[in-house]
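Please look at the sequence and the model before reading on.

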Amino acid sequence: GPPFAPPPPSPPPPFPPGYCPLAFLDVGGTLACGSVVSASTDGATDLVGPYPSPDHFYKVAVSVPPGTAFEVTVDTCGAGTTLDTFLQVWRGCPNRAGTAVGAGDDNSACGLNPFASTVTVSLEAGA
């Protein structure tokens with residue numbers, strides 16, 4: 001008969017809702033209000049999103065009482081930005097029990113780079 005083939009590996013277990021370990025994020029991956037980050041896609045891998053491209057992940061730290069509504073805006077419109085970018089905001093960990101809550105692509109208001117991106121999402125603390 002045919003040779004025995006082991007079963008395929010099981011997918012990794014999901015993280016609890018709303019949890020994403022810092023090891024899954026980029027080094028220095030927690031952002032606060034007003035943070036500016038410079039990054040390179042060198043060495044990054046494609047984990048999520050509709051485009052086959054390297055990904056970076058950051059955690060956003062917001063200090064507001066539970067139940068408080070707030071907005072988060074993330075963009076790649078900085079001076080000197082020449083990359084074509086796509087942004088997503090996730091509640092929880094991307095592809096690991098997380099939920100995409102917003103996305104943005106190709107913002108012509110970004111000035112010299114119409115392929116830079118902006119995403120704004122309305123969230124609630126503790127939700």
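## Contacts and overall make-up

Two residues are in contact when heavy atoms lie within 4.5 Å. Among contacts in the chain between residues at least 6 apart in sequence, those joining residues at least 24 apart account for 55%.

The model is predicted, with local features needing pLDDT of at least 70, side-chain atom pairs counting only at pLDDT 80 or more, and totals for chains, interfaces and linings using all residues. Residues are numbered from 1 along each chain as its sequence is written, and side-chain values use heavy atoms, leaving out hydrogens and water.

The chain contains 6 strands and 0 helices (DSSP runs numbered from the N terminus: E of at least two residues for strands, H or I of at least four for helices). Of its 127 residues, 22% are buried (under 20% relative accessible area; exposed is over 50% and partly exposed in between, with a 1.4 Å probe and protein chains only).

## The largest nonpolar core

A nonpolar core is a set of buried Ala, Val, Leu, Ile, Met, Phe, Trp, Tyr and Cys residues joined through side-chain atoms within 4.5 Å. The largest one has 8 residues: Phe70, Val72, Leu87, Val89, Val119, Val121, Leu123 and Ala125. Two or more residues come from each of β3, β4 (86–93) and β6 (118–124), and β6 gives the most, with 3 residues.

Not counting residues up to four places away in sequence, valine 89 touches Thr99, Ala100, Val101, Gly102, Val119 and Val121.

## Valine 64

Valine 64 is placed in the loop between β2 (59–60) and β3 (69–75). Valine 64 counts as partly exposed because its relative accessibility is 31%.
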